[in-house]
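Examine the aromatic ring contacts of the chain shown here and work through the exercises below.

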Amino acid sequence: MGYWQTKVLPKIKKVFENKNSGKKAAAAEACKSFDESKEDYSKQFEEKKDELQAKVVEIYEGSSAEIKTLVKERKEAGLKKYSAAVHKFLEQLEKIDFPGSKPVSEASSKYGPAYVSGPVFFVFEKVSTFIVVEEKVEPPPPPPATETTATKTEEETSAAVKEREIVVEEEKKEEVVEIKKDEEVVEVKKEEEVEKATTTETEPASEAPKVEEAAAAEPTKP
């Protein structure tokens with residue numbers, strides 16, 4: 001066990017370190033070469049923008065949620081974690097002749113997307129210009145009810161109630177007045193009818209004494 005840790009394991013580590021250092025150096029060279037051509041890729045992108053839009057959106061919509069997140073929020077940790085998905089996405093862009101996608105896809109397959117993060121993010125940044133990010137606009141919360149507003153509301157409510165009560169009382173008074181008027185009219189009619197009846201009864205009685213007086217005044221015939 002001691003021989004393995006002291007002799008074999010360090011040699012294996014050196015092999016991997018040399019391999020990684022060589023990989024990093026080659027990836028750095030690929031990044032440098034890509035940076036020199038960035039302006040050309042940008043020009044090509046602007047020229048073919050209208051032609052590429054529908055194709056890029058279709059590829060983006062068919063991609064995984066992780067790729068969509070990486071396109072919008074570009075982080076190196078995501079390239080390491082989802083390297084296979086990133087490389088697949090780059091290959092799809094290469095098929096539609098997306099500017100810069102071919103050298104980036106080749107470098108990604110050789111060294112891994114994390115080692116060529118600069119070129120990968122350049123392509124992702126161009127892709128993101130076709131993606132519409134919908135921002136959720138939340139309505140502002142209603143202002144808290146203050147004491148003054150609450151008091152005003154109570155006062156307005158009480159005033160409205162009082163006005164209604166006054167209107168109801170006035171209506172009741174009007175009804176009472178109308179009832180009294182009707183009663184007075186009925187009483188007047190009754191009095192008139194009584195008076196008529198009384199005069200009718202007294203008229204024949206007053207005529208009877210007159211007849212008797214006239215009979216008495218006439219002389220008796222022999």
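The model is predicted, with local features requiring pLDDT of at least 70, side-chain atom pairs counting only at pLDDT 80 or more, and totals for chains, interfaces and linings using all residues. Residues are numbered from 1 along each chain as its sequence is written, and side-chain values use heavy atoms, leaving out hydrogens and water.

**Exercise 1.** Determine how many aromatic pairs there are, and classify the pair of Phe45 and Phe98.

*Solution.* Rings of Phe, Tyr and Trp (its six-membered ring) pair if their centres lie within 6.5 Å; planes under 30 degrees apart are stacked, over 60 edge-to-face, and the rest tilted. For Phe45 and Phe98, the centres are 5.7 Å apart and the planes make 55°, a tilted pair. Phe45 belongs to helix 2 (residues 38-47), whereas Phe98 lies in the loop between helix 6 (83-95) and helix 7 (101-111), 53 residues apart. Helices here are DSSP runs (H or I, at least four residues), numbered from the N terminus. Both Phe45 and Phe98 are buried, a term meaning under 20% relative accessible area (1.4 Å probe, protein chains only).

**Exercise 2.** Explain why the pair of Phe89 and Phe124 is edge-to-face.

*Solution.* The ring centres of Phe89 and Phe124 are 5.5 Å apart and the planes stand at 75°, so the pair is edge-to-face. Phe89 is in helix 6 and Phe124 in helix 8 (residues 117-128), 35 residues apart. Phe89 is buried at 2% relative accessibility; Phe124 is buried at 0%.

**Exercise 3.** Identify which residue lies over the face of Tyr60.

*Solution.* The residue is Lys68, at 5.7 Å from the ring centre of Tyr60. The criterion is NZ of Lys or CZ of Arg within 6 Å of the ring centre and within 35 degrees of the ring normal.

Note on methods. Helix = DSSP H or I, 4+ residues; strand = E, 2+ residues; numbered from the N terminus. Buried < 20%, exposed > 50% of the residue type's maximum accessible area, 1.4 Å probe, protein only.
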